[in-house]
Amino acid sequence: MSSIDIFESSKSKTIQIIGPCPFNINLIVDLPTIFIDGGIQHRQRIQDSKTLSVGDGDSNQTQYKLDIPFKKDKSFSDLQGSFQYIPDFVSEINLLGFLGERADHEFSNILELFSLCKQRHNFVAKLEDSIEIFSPGTYHINHNGLISSYTFEDNLVSIEGDIKYPLRQEKITPLSSHGLSNEAHGDVSLEVSKSPLVIFKN
């Protein structure tokens, strides 16, 4: 079996994607994992044999060879290139190692994950413990602190439960500050109706 076949043979609905930047969140060692280029430095920490590594090699300074090498002269990021290997049955991806360095890279990652979520339903992409991007669907989240919600397209959103300013089928317009600095105090229900919703957790 190829590396792709082995990775896709897992029926886990949650996978993790490890990038090249430093992070302080614990890896889940038994989850199927995609390593993005220099993120392969964490390969020895993963117990699950269902792993896949992709990238153009520009940040890989380890002895490991990438399973799927990309051309260096390409018009997409390594992260975007990895999306084609996420099985259709996956409903959650946890991303580590994509924050804390270049702001333009962080913004690009958010845009690419937004585009991925547009293609899915009841699917969430979590960037460490600070940013979550939800495709159209219904969700429950637990958080104590501030949350800010944004969209890049017209959206209808409900945020209810342990929340200071509930929204009930509220229209959220692109690039609006309407969803800035709400306060969550526990269990929150979320319904996203039209396009993905980006939530920053503080």
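Here is a friendly conversation about a predicted model and the reasons behind the words used for it.

Colleague: Let's begin with the sheet. What makes the 12 strands an open sheet, and in which order do they stand?

Modeller: The order is E4-E3-E2-E1-E5-E6-E7-E12-E8-E11-E9-E10, with mixed pairing. Strand E4 (68-69) and strand E10 (167-172) stand at the edges with a single partner strand each, so one side of each has no neighbour in the sheet.

Colleague: How do you know that E1 and E5 pair, and in which sense?

Modeller: Two strands count as paired when there are at least two bridges between them. E1 and E5 have 5 bridges and pair in the parallel sense. Along this pairing, Ile18 has Leu96 in E5 as its bridge partner.

Colleague: And what about E1 and strand E2 (residues 33-36), how many bridges do they have?

Modeller: They have 3 bridges, again against a cut-off of at least two. This pairing is parallel, and Gln16 stands opposite Thr33 in E2.

Colleague: Which pairings are antiparallel, then, around E8 and E11?

Modeller: E8 and strand E11 (residues 179-192) pair in the antiparallel sense over 12 bridges, with Ser149 opposite Gly179 in E11. Strand E8 (residues 137-150) also pairs with strand E12 (residues 197-201), antiparallel over 4 bridges. There Ser149 has Ile199 in E12 as its bridge partner. Strand E9 (residues 155-163) and E11 run antiparallel too, joined by 6 bridges, and Ile163 has Ala184 in E11 as its bridge partner.

Colleague: Why is Gln16 called buried?

Modeller: The cut-off for buried is under 20% relative accessible area. Gln16 has 2%, so Gln16 is buried. This residue lies in strand E1 (residues 14-18), and E1 is mostly covered, with 4 of its 5 residues buried.

Colleague: Which residues does Gln16 touch, leaving out those up to four places away in sequence?

Modeller: The contacts are Leu27, Ile28, Leu31, Pro32, Thr33, Ile34, Ile46, Asn94 and Leu96. Each is called a contact because heavy atoms come within 4.5 Å.

Colleague: Now a residue with another label. Why is Asn202 called exposed?

Modeller: Exposed means over 50% relative accessible area. Asn202 has 58%, so Asn202 is exposed. You will find Asn202 in the segment after E12.

Colleague: What does Asn202 touch, not counting residues up to four places away in sequence?

Modeller: Asn202 touches His143, Asn144, Gly145 and Leu146. Asn202 and Ser148 are 54 residues apart in sequence, and their C-alpha atoms are 8.4 Å apart in space.

Colleague: Is Leu167 buried or exposed, and how do you know?

Modeller: Leu167 has 11% relative accessibility, so Leu167 counts as buried; the cut-off is under 20%. Leu167 lies in strand E10. Leaving aside neighbours within four places in sequence, Leu167 is in contact with Val157, Ser158, Ile159, Glu160, Ile172 and His178.

Colleague: How many disulfides does the structure hold?

Modeller: The structure holds 0 disulfides. Cys21 is in none, and the nearest cysteine sulfur, that of Cys117, is 20 Å away.

Colleague: Last topic, the largest pocket. How much space lies in it, and which residues are closest to its centre?

Modeller: About 440 Å³ of space lies in the largest pocket. Its lining has 22 residues, and Pro20, Ser77, Asp78, His105 and Asn109 are the closest to the centre. Helix H2 (78-82) and H3 are the elements that give two or more residues to the lining.

Colleague: Which element gives the largest share of that lining?

Modeller: H3 does, with 4 residues. Helix H3 (residues 103-118) also lies across strand E5 (92-96), strand E6 (124-127), strand E7 (131-134) and E12, at about 30° to E7.

Notes. Residues are numbered from 1 along each chain as its sequence is written. This is a predicted model: local features need pLDDT of at least 70, side-chain atom pairs count only at pLDDT 80 or more; totals for chains, interfaces and linings use all residues. Side-chain values use heavy atoms; hydrogens and water are left out. Axes are lines fitted to C-alpha atoms, for helices over the stretch in contact, and angles run from 0 to 180 degrees between N-to-C directions. Buried means under 20% relative accessible area, exposed over 50%, partly exposed in between (1.4 Å probe, protein chains only). A disulfide is a pair of cysteine sulfur atoms within 2.5 Å. On a 1 Å grid over the protein atoms alone, a cavity is a set of points where a 1.4 Å probe fits but cannot get out, and a pocket is an open set with protein on both sides within 12 Å along at least five of seven lines; lining residues have an atom within 4 Å of a point. Grid points are joined across faces, edges and corners, and a volume is the space filled by probe spheres set on the points.
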